[in-house]
Amino acid sequence: MIAIAILLVAITLGAVGQVSLKHGITAVGVVGVRNVVRGLPRVFGNVYILAGVFSYGASSVLWLYSMTNLDISFMHPLASLSYVFTTILAIILLKERVIPMRWIGLIMIVAGSILIART
Amino acid sequence: MAQPSKRKLIGLVLLSVLLASSAQIVMKSGMNSVSSSGALVLTSPATWVPVFTNIRVMGGLAVVGCAFLVWLGVLGRVDVSLLHPLAATGYVLTAIFAIVFLGEVVSAIRWLGVALIVVGSTFVARSQVKR
């Protein structure tokens, strides 16, 4: 049970990092892989991107820790719960629009995650 | 520079998904060998030395880092709530790789859960609001 709790914290931190990165990269305004590489100093000078990277780092350490207790075929699909967290954060913080079809998809993801958590 | 098409961007995302799945398997195999030689304690950095000196764990993290740069490149142009679901296709890959390379046992219920997640993610991906 504690193993699953730690995994959920790792997944949540990943979602927070994702939204923070999205906000930061939009603010910096560089698009395209080539431009990101060229604009690295500007990209990593943005506080939201730094916070996102830190959040990702913490998430990675907890993810590795979870690997010592859980199957990867158990862990990886559960990472999809981050879509749910990310969508909620994206609505609140990034003001993205979410239509009902997306909610149906998210509910299926949660149902699938519950099934896996029981295995 | 010509703007890359949406299809090209999605292709990039899928490539990073394939890389990420492979990296998970390599990292997990590294962590399996690390944890077989001693328990990890979250609050004790010393127990983490074998993790951060393990070639498979570090190699896997490096690949994840590359996939991360690809993410950064596409994040500014596609909604995160669309990007994430595409990664779901990777769970099927991960499960197959885990069976073949790590000898994990994936029960029917677990496959059902994976299938629900992939279908749900397709719904999410198709719900992208046109701009």
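Which residues do ring pairs link into a cluster? Tyr65(A), Trp48(B) and Phe52(B). Rings of Phe, Tyr and Trp (its six-membered ring) pair if their centres lie within 6.5 Å; planes under 30 degrees apart count as stacked, over 60 as edge-to-face and the rest as tilted. By that rule, the count over all chains is three aromatic pairs.

Some ground rules. This is a predicted model, where local features need pLDDT of at least 70 and side-chain atom pairs count only at pLDDT 80 or more, while totals for chains, interfaces and linings use all residues. Residues are numbered from 1 along each chain as its sequence is written, chains are lettered from A and ligands numbered from 1 in the order in which they are written, and side-chain values use heavy atoms, with hydrogens and water left out.

Chain A to start. Chain A has seven helices and zero strands. Helices here are DSSP runs (H or I, at least four residues), strands are E runs of at least two, and both are numbered from the N terminus. The C-alpha trace of chain A spans about 45 × 35 × 25 Å along its principal axes. Of the 119 residues in chain A, 50% are buried. Buried means under 20% relative accessible area, exposed over 50%, partly exposed in between, with a 1.4 Å probe and protein chains only. Now contacts, meaning heavy atoms within 4.5 Å. Take those in chain A with a separation of 6 or more: residues 24 or more positions apart account for 73% of them. Chain A exposes about 5,500 Å², and carbon and sulfur atoms supply 73% of that. These accessible areas come from the Shrake-Rupley method with a 1.4 Å probe; for residues, only the protein chains shown count as cover.

Chain B next. Chain B has six helices and zero strands. Buried residues make up 44% of its 131 residues. For contacts in chain B with a separation of 6 or more, residues 24 or more positions apart account for 68%. The accessible surface of chain B is about 6,400 Å², with 71% on carbon and sulfur atoms.

How much area do chain A and chain B bury between them? About 4,900 Å², 73% of it on carbon and sulfur atoms. Buried area is the accessible area (1.4 Å probe) that two parts lose on being put together, summed over both. On the chain A side, Leu64(A), Tyr83(A) and Arg102(A) lose the most area to chain B, together 14% of what that side buries. The contact takes 51 residues from chain A and 58 residues from chain B.

On to the cores. A nonpolar core is a set of buried Ala, Val, Leu, Ile, Met, Phe, Trp, Tyr and Cys residues joined through side-chain atoms within 4.5 Å. The largest one holds 45 residues, and Leu7(A), Trp63(A), Leu64(A), Met67(A) and Val51(B) touch the most other members. Helix H1 (residues 6-35) of chain B gives the largest share of this core, seven residues. Leaving out residues up to four places away in sequence, Val51(B) touches Leu64(A), Met31(B), Val34(B), Leu40(B), Val57(B) and Met58(B). Another core lies apart from it, with six residues, including Leu21(A), Ile25(A), Val28(A) and Val43(A).

Two helices deserve a check. The expected span is 1.5 Å times one less than the number of residues. Helix H1 (residues 2-28) of chain A has 27 residues, so it should span 39 Å, and its end C-alpha atoms are 39 Å apart, which agrees. Just after H1(A), Gly29(A) has a positive phi of about 85°. Helix H5 (residues 89-102) of chain B has 14 residues and reaches 19 Å from first C-alpha to last, close to the expected 20 Å. Its buried residues include Tyr91(B) and Phe97(B). The buried residues of H5(B) pack against helix H5 (72-78) and helix H6 (81-94) of chain A, together with H1 and helix H6 (108-126) of chain B. Gly103(B) follows H5(B), with a positive phi near 70°.

Phe54(A) sits in helix H4 (residues 47-67). Buried or exposed? Phe54(A) is exposed, because its relative accessible area is 66%. Leu70(A) lies in the loop between H4 and H5 of chain A. At 12% relative accessibility, Leu70(A) counts as buried. Leu70(A) touches Ala3(A), Leu7(A), Met75(A) and Lys28(B), not counting residues up to four places away in sequence.
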